[in-house]
Amino acid sequence: MYPVSRYLRPGSLQEAIALLQEYPGSRPIAGGTDLLVALKEKGVHCDTLVDLKGIPGLGHLRESEDGSVEMGALVTIAELLKSPVIRQRLPLLASAASLLGSYQVRQRATLGGNLCNASPAAETACPLLAMDARVRLVGPRGERVLRLADFFRAPGQTALERAEVLVGVECPGVADREGARYGGMYLKLGPRQAMDIAVVNVAVWLGVAGGRCVDARIALGAVGPVPFRARDAEEALVGRPLDAETIERAAVAAQQAARPIDDIRASAWYRREMVRNLVTRALSGTVAKVGRPDRG
Amino acid sequence: MDEVTVRVTVNGEARAVRVPVGMSLLEMLREVLGLTGTKYGCGAGDCGACTVLLDGKPVNSCLVLAAEVDGHVVTTIEGLGKAGLHPVQEAFVRHGAIQCGFCSPGMIMTAVGFLAENPHPSEAEVRAALAGNLCRCTGYAKIVQAVLEASRQLASLEHRRDAIRGGTP
C-alpha cells in the first residue's frame, strides 16, 4: 500500500495544473517507476497524486521538415526505442533508452518522468544535452521553453515551479554543414547489464568534414550534481583533426570538468578515471564511424 | 485514504472493485481478486516476480496503482493458455526451467509479452528482455532456452495458421 490519500485523473492540462495548485502536497505521476519507489522507500511525502496519463496530446513523437524532433513528455521509453524517427535522428537517445531500467520498466517509464526525476545519472539526459534539447513547461503563469542545460538545478531538482508541468522536449535538427558527416556514441558504465544506475554516463556527438572536427558535443552524467556538457573538452576538438593526441586532450579536459562524489556505487577517483576512459572510447568509436583524418 | 472504483478486465473477465487509492495493482490482484499466481518479490520493480500484462505489455504490477488500470486490460499467469498450457509454459516445463517456481509466473509473462512484440528474437535479445526478472535457482540457462524454443513453436503455429487461412499447404 502506498502512503497516498488522494488520486486524481484530470482530463486536460489546465485541469491538472489547477489541481497541482489546489493541493499543496500533490505531485504529478506519469509512469510512476521512480515516484512510487520514492514514496515507499525514500521518504518522499506526497498525499495527492495527479495522474497525467488522461491528458491528451502529450504522447506525440514527430519530426519536422527542418529535421527537428518533438517528443511529448508522456512518450514512454519503450516507444522511443521502437520509433524509427528516434533511431535515425537521435540515435544516442535510442541507445540510452535501451539501457534504461528493464523491459517492464520501459513500458511505463516516460521521457518527461526521467527528466523531471532529475537524477544526475538520468539515462535520457546526456543524449538530449548533446543534441541541444529544449523543454517546454506549462504552469499557472503560462508556457515557457528552457534549454535542457538550464532545467537541471541539483540532484533531484529541476527548474519546475509549483504546479508547473513538463509537456514536451524538442531537439533542433542537426546543422547540415557541407560535406560533414555526423555520428556519436552513448556509453554507460555500471556493474550490471540492466536495472542499474550509471557510475558514469557519456554521450558524444561529432561532426567531421575535411578530416577535421566541425562540431563536438560531449555530455557527462553521474559525475556531478547535474548532467552537463563538457565545454572545454568540446573546444579542444573543434577545428582540429581527430587524431589520438586531440582525443586525449579532450578526454583529459572532460576529466577535469567532472565533479563526482564518493557514493555507494563508486568512488570519485574511479569515476574521474572512467570519464577519461569512456570519453576516449566514445570519441575513438565515433571517429571510426564517421571519418578519420586521412579519409577526410 | 480515499477509495476508488476500478473497472478493469482481468483475464478476459470484466471486474469492478472498490479499493484504497494507495493499493498497488499487485495487491489488488492477490488480495482483492485472489489471483495469487502473481508474486510479491521486492515491491520496488527490481525483481520482476510481479510481472503481468497491462494492455498486452509486461509491467511490474508493484509499480502500478490499482487506480491506474481503470478502463484497461490485465492478463495474469492464470489467464494464459485457454485449453491447457500456453506454448511458453509448456516450453518452461519441457526444459526444466522451473525449480522453486517463484520467479516463473513473472518470467513467463515477460516472455509472452516480449514474444508478441519480437517473435524471432536472438538469444541476446531474450536475455535483454528478461534482464528485469531475477531467478535465484536456475542460473537462467534453461529459462532462455525455453523462451527461444517457445518463439519457434509460436512462429510455427502462426505459420500453420496462416497457411490454412491462405489455402496453401
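Searching the whole structure turns up zero disulfides over all chains, a disulfide being a pair of cysteine sulfur atoms within 2.5 Å. The model is predicted, so local features need pLDDT of at least 70 and side-chain atom pairs count only at pLDDT 80 or more, while totals for chains, interfaces and linings use all residues. Residues are numbered from 1 along each chain as its sequence is written, chains are lettered from A and ligands numbered from 1 in the order in which they are written, and side-chain values use heavy atoms, with hydrogens and water left out.

Cys126(A) is in no disulfide, and its nearest cysteine sulfur belongs to Cys171(A), 13 Å away. Seen from Cys171(A), that 13 Å to the sulfur of Cys126(A) is too far for a bond. Cys126(A) is buried at 0% relative accessibility, and Cys171(A) is buried too, at 1% (buried: under 20% relative accessible area, 1.4 Å probe, protein chains only).

Then there is the sheet: four strands, open, antiparallel, in the order β11-β12-β13-β14 of chain A. Here β11 (181-189) and β14 (228-229) of chain A sit at the edges with a single partner strand each, so one side of each lacks a neighbour in the sheet. Strands are DSSP runs of E, at least two residues, and helices runs of H or I, at least four, numbered from the N terminus; two strands pair if DSSP finds at least two bridges between them. Strand β13(A), residues 212-221, pairs with β14(A) in the antiparallel sense over two bridges, and Ala219(A) stands opposite Arg229(A) of β14(A).

How values were computed. Buried < 20%, exposed > 50% of the residue type's maximum accessible area, 1.4 Å probe, protein only.
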